Amino acid sequence: ITIDDISWTGYTATPCSGTPSPGNTLATTNPVAGGGTTVLSLQNTTSGSGVTYQWQSSTTDSNSGFTNISGATNATYTASPGALKTWYKCVVTCSGNSGESVPILIDVNYCSSNPSTNDGLGITNVIIGSANFPVGDFTYYNYTGSVPNLSQGTTVNSAITFGTGFTYNAHIWIDFNDDGIFNNNNEKVYSGESLNANPTTLNPSFPVIATATAGQHKMRIGTADSGQSTPNPCYSGAYGVTIDLMVNVVTASATPLLSVSGTAAHGTICPG
């Protein structure tokens, strides 16, 4: 799932006689930061007799199953997505005619974590369960290929290989509720510190709670020489490496720790 975009298309209803067309549906702020809001509005609208607006929302992947939003009966509406992505549309009724805008997708945008430098070769390899992620000399890396399966109620073994020559604090977060926020209270699944040998491998293990929601979730591995002594999923200071990837929580009855192979990834090369 791409999580950085807001898209919109034009309004398709026939204008009512004597009133202007509702125009295009737009998001006036984009993208939506984790836990943030954005204002949805209808352009080229004027108040008129018998004109009503009703915003609706849906969190299904097929942009269907819309339900009315209580109190959202104006041309503008402040949206606060509560899931990884939310679809919105506005039904407009005027002078006996009605229509609806093409749905708008509002995606959650996670806070950035792009350290300015790293030490040595940074992180050279990550293993989550049976999925292997070779990295390289980057300060930020985002994997969009392999997606490891993590079974509910199990402990996941992993490995982070450092080529820094310094001790690095390391934390792992999983956004289990897909709200775009890595919560330090219940979504930080691991904290530890590597040795200063070069190379050295840290072996985090962390539990997947039995009630974790099945499906894909964003994982963030945040590491730094000193900047992560207090866990900070949005760290962008010096001497650190951040890695993002997707994990798939499966039910306890499913086969754990398999992965779907892939190669697509992108990152920010360490400036030296």
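Two strands pair if DSSP finds at least two bridges between them. Keep that in mind for the views below, which come from a predicted model.

View 1. The chain has 272 residues, and 48% of them count as buried. Its accessible surface comes to about 12,000 Å², with 50% of that belonging to carbon and sulfur atoms. Now look at who touches whom: among contacts with a separation of 6 or more, 70% are between residues 24 or more positions apart.

**View 2. Strand β20 has antiparallel partners in β16 and β21.** β20 and β21 run antiparallel and are linked by ten bridges. Find Ala224 and you'll see Gly240 of β21 standing opposite. β16 also pairs with β20 in the antiparallel sense, this time over six bridges. Here you can pick out Ala170, whose bridge partner in β20 is Thr223. Is β20 enclosed or open? Eight of its ten residues are buried, so β20 is largely enclosed by the rest of the structure.

**View 3. The largest nonpolar core brings together 31 residues.** Start with the members that touch the most other members: Val126, Ile128, Phe206, Met219, Ile221, Ile243 and Leu245. Several strands give two or more residues to this core, including β11 (123-128), β13 (138-143), β16 (169-174) and β20 (215-224). Which strand gives the largest share? That's β21, with five residues. Zoom in on Ile243 and you'll find contacts with Ile123, Val126, Val135, Tyr141, Tyr143, Met219, Arg220 and Ile221, leaving out residues up to four places away in sequence. There is also a second, separate core of 15 residues, and Tyr53, Ala75, Cys90 and Ile106 are among them.

**View 4. Ser113 is a buried residue in a loop.** This serine sits in the loop between β10 (104-109) and β11. Why does Ser113 count as buried? The cut-off for buried is under 20% relative accessible area, and Ser113 counts as buried because its relative accessibility is 3%. The Ser113 side chain reaches the backbone oxygen of Tyr235 at 2.6 Å. A polar contact of 2.7 Å also joins the side chains of Ser113 and Thr242. Setting aside neighbours within four places in sequence, Ser113 is in contact with Tyr140, Arg220, Pro233, Cys234, Tyr235, Ser236 and Thr242.

View 5. The Lys188 side chain makes a polar contact of 3.2 Å with the side chain of Ser191. Not counting residues up to four places away in sequence, Lys188 touches His171, Ile172, Trp173, Asn183 and Pro231. Look for Ile174 as well: Lys188 and Ile174 are 14 residues apart along the chain, and their C-alpha atoms are separated by 6.6 Å.

Notes: Residues are numbered from 1 along each chain as its sequence is written. This is a predicted model: local features need pLDDT of at least 70, side-chain atom pairs count only at pLDDT 80 or more; totals for chains, interfaces and linings use all residues. Side-chain values use heavy atoms; hydrogens and water are left out. Contact means heavy atoms within 4.5 Å. A polar contact is a pair of N or O atoms within 3.5 Å; within protein, one must be able to donate a hydrogen and the other to accept it, and residues adjacent in sequence count only if both atoms are side-chain atoms. Buried means under 20% relative accessible area, exposed over 50%, partly exposed in between (1.4 Å probe, protein chains only). Accessible areas come from the Shrake-Rupley method with a 1.4 Å probe; for residues, only the protein chains shown count as cover. A nonpolar core is a set of buried Ala, Val, Leu, Ile, Met, Phe, Trp, Tyr and Cys residues joined through side-chain atoms within 4.5 Å. Helices (H or I, at least four residues) and strands (E, at least two) are DSSP runs, numbered from the N terminus.
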